[in-house]
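Here is a short walk through a structure, written for someone who likes to check geometry by eye. Please keep the viewer open while you read.

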Amino acid sequence: MADSALYQQVVLEHYRHPHNRGSLDACTHAAEGANPLCGDRLRIELVVDDERIGALRFNGEACAIATATMSMLGELVRGQSRESIAGMADRFARLVESGDEDRTLGALNAMRELQRYASRRKCALLPWATLRAALAGEAHTTTEAESA
Amino acid sequence: MNALHESVEAFDVDSVRADFPLLERSVHDKPLIYFDNANTSQKPASVIEAVDHFYRDTNANVARAVHQLGEEATAAYEATRDKLARLLNASSRDEVVLTSGTTQAINLVAYSYLQPRLQAGDEVVVTTMEHHANIVPWQLMCERAGAKLKVAPISERGELIVERFIELLTPKVKLAAVTHVSNVLGTINPIAELARETRKRGIPLLVDGSQAVPHLKVDVRALGCDFYTVTGHKMYGPTGTGALWARKELLRDMPPFFGGGEMIREVRFEGTTFADPPHRFEAGTPNIAGFVGLGAAIEYVQALGHARMGAYEQDLLEHATRELKAIPGLRIFGEAAHKVPVISFLIDGAHAHDLATLLDHEGIAVRSGHHCAHPLMQFYGVPATLRASLAFYNTHAEIDRFIAAILKVRTLLG
């Protein structure tokens with residue numbers, strides 16, 4: 001839909017055909033991120049080699065925004081150190097809030113549209129939170145702090 | 001032509017829509033289709049003007065000023081109590097406590113009526129389809145007292161299983177709390193039938209009327225319940241208004257919930273004597289302008305006529321249900337025989353929040369999520385649904401646009 005910038009073609013492509021979907025035969029780190037109120041659930045598996053991400057796979061069911069973000073970030077984080085990933089996650093959080101372009105984040109700039117959708121930002125933040133949880137050795141995380 | 005069809009045709013939706021200024025606006029450059037009425041309804045100009053007029057011409061505090069403005073403000077505020085009493089067919093205006101909405105009304109009953117009576121081993125009965133507002137206050141009371149919350153189940157169609165409800169009405173039950181209309185399923189519960197059973201056993205029945213009053217003619221005496229709650233902002237009135245109706249003899253024995261001004265007879269440091277109901281439960285300065293607006297909302301709906309409004313809404317419900325069911329992979333949650341125009345649904349392979357955001361781009365406001373009814377979501381085994389909730393100002397043409405938009409966005413996500 002040309003008039004829906006959030007659901008632009010690149011986002012829908014990543015949603016329909018996400019990169020890195022699957023699981024690893026052997027992983028060094030893993031975590032599950034879940035937003036139970038929305039129904040989003042992602043599991044990330046990693047091989048961390050010499051303090052850098054070697055391989056990454058994910059599975060689970062999530063909305064288009066969470067799935068596309070997951071797919072896009074995989075490309076970006078491979079070969080990166082923990083510190084560098086922490087920096088990217090913080091820059092991504094700023095990007096979805098401010099809507100300002102960040103060239104270091106590549107395709108993820110599609111999520112700048114979330115500046116106008118505060119209620120959907122937690123969807124895009126879930127993959128990042130899950131990745132950080134995996135690296136920190138935490139089994140579970142969520143980006144839902146909803147009042148209901 | 002039968003009487004029903006005549007009344008449907010007599011309903012002039014175009015002129016009704018002209019009474020609601022907000023319905024004229026666009027969203028994302030598309031004409032707004034507001035299908036989120038169970039969340040909050042829009043307000044007719046007469047309500048907006050009543051609030052505006054109150055602040056411009058009448059503003060003063062109630063029940064404590066002898067000057068002219070105070071008299072006028074008090075009269076305007078108290079007039080809404082009379083209108084609510086007539087709307088609900090209460091036997092007396094003193095049975096109507098003005099509250100901020102249903103949540104406060106239920107909490108008032110929980111703390112003031114139930115808490116002093118509830119003991120370890122006692123039970124409170126609710127149903128699977130309750131809103132959190134009609135679960136959590138009872139849960140809090142039960143936890144404190146060591147009592148048990150029992151849940152009457154529903155069928156897959158979203159109807160309360162009445163026999164199972166009756167089975168739960170043991171001598172240990174100190175209160176039963178049931179919604180009149182489900183905010184998720186649209187189901188209209190058979191309150192009169194349930195009330196006959198609770199009365200037989202001397203169990204007070206609280207009915208959450210939040211979703212019912214916007215659609216149905218409610219007669220608390222005909223229903224035979226003991227407590228009935230009202231939410232102003234869902235019945236075309238301002239936010240922060242509502243009411244608790246309760247039988248006079250129940251209110252008379254209830255201690256105050258909040259302490260403060262207006263609810264007292266005499267205050268001494270040795271002890272305070274309290275006002276009679278309903279003012280005993282109305283401590284502090286209330287949302288006076290809001291209640292003046294609520295009075296205008298009640299007048300608006302009564303002038304429109306519940307029968308005509310209801311027949312038209314049933315027509316919308318039937319149309320929307322038929323069209324939605326024709327969409328492959330679409331599942332409707334709640335197919336009760338008696339419903340208001342509230343339809344929850346999901347589409348295979350499409351996430352509720354994605355659909356809601358994409359429909360918003362088409363100018364269509366629906367709610368996605370759990371609708372403050374986690375236990376009901378757990379019953380159906382889904383985290384969230386989409387909910388289209390209609391009002392008498394919605395149109396058949398809007399339903400057609402809504403269906404076309406669903407087909408469009410589903411293709412996008414598929």
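The report below looks at a helix pair, a loop glycine and a chain interface. Please note that this is a predicted model.

**The helix pair**

Let us begin with helix 4 (residues 68–88) and helix 11 (residues 288–304) of chain B, which pack with their axes 8 Å apart and at an angle of about 40 degrees. Are helix 4 and helix 11 of chain B parallel, antiparallel, perpendicular or oblique to each other? An angle counts as roughly parallel under 35 degrees and as roughly perpendicular from 65 to 115, so helix 4 and helix 11 of chain B are oblique. The crossing of helix 4 and helix 11 of chain B is left-handed.

On the side of helix 4 of chain B, the residues that meet helix 11 are Ala73(B), Ala76(B), Tyr77(B), Ala79(B), Thr80(B), Lys83(B), Leu84(B) and Leu87(B). Their partners in helix 11 of chain B are Ile288(B), Phe291(B), Val292(B), Leu294(B), Gly295(B), Ile298(B) and Glu299(B). By class, the contact between helix 4 and helix 11 of chain B holds eleven nonpolar, two polar and two charged residues.

Helix 11 of chain B spans 25 Å from its first C-alpha to its last over 17 residues, close to the 24 Å expected at 1.5 Å a residue. Helix 11 of chain B is also mostly covered, with 13 of its 17 residues buried. Just after helix 11 of chain B comes Gly305(B), which has a positive phi of about 95 degrees.

**A glycine in a loop**

Gly240(B) sits in the loop that joins strand 9 (227–231) to strand 10 (242–246) of chain B. Why does Gly240(B) count as partly exposed? The cut-off for buried is 20 or more other C-beta atoms within 10 Å and that for exposed is 12 or fewer; Gly240(B) has 18, so it is partly exposed. Leaving aside neighbours within four places in sequence, Gly240(B) is in contact with Ser100(B), Gly101(B), Asn287(B) and Gly290(B). Gly240(B) and Thr102(B) lie 138 residues apart in sequence, yet their C-alpha atoms are 9.7 Å apart.

**Where the chains meet**

At the interface, 14 residues of chain B are in contact with 16 residues of chain A. Helix 13 (352–361) and helix 15 (396–413) of chain B each supply at least two residues of the side that touches chain A. Helix 13 of chain B gives the most to this side, with five residues. The table sorts the side of chain B that touches chain A by class.

| Class on the chain B side | Number |
|---|---|
| Nonpolar | six residues |
| Polar | seven residues |
| Charged | one residue |

Conventions
Residues are numbered from 1 along each chain as its sequence is written. Chains are lettered from A and ligands numbered from 1 in the order in which they are written. This is a predicted model: local features need pLDDT of at least 70, side-chain atom pairs count only at pLDDT 80 or more; totals for chains, interfaces and linings use all residues. Two residues are in contact if their C-beta atoms, placed from the backbone, lie within 7 Å. Helices (H or I, at least four residues) and strands (E, at least two) are DSSP runs, numbered from the N terminus. Ala, Val, Leu, Ile, Met, Phe, Trp, Tyr, Cys and Pro count as nonpolar, Asp, Glu, Lys and Arg as charged, and the others, Gly among them, as polar. Axes are lines fitted to C-alpha atoms, for helices over the stretch in contact, and angles run from 0 to 180 degrees between N-to-C directions. Angles under 35 degrees count as roughly parallel, over 145 as roughly antiparallel, 65 to 115 as roughly perpendicular and the rest as oblique. A crossing is left-handed if the near helix is turned anticlockwise from the far one by less than a right angle, and right-handed if clockwise. The expected span of a helix is 1.5 Å times one less than its number of residues.
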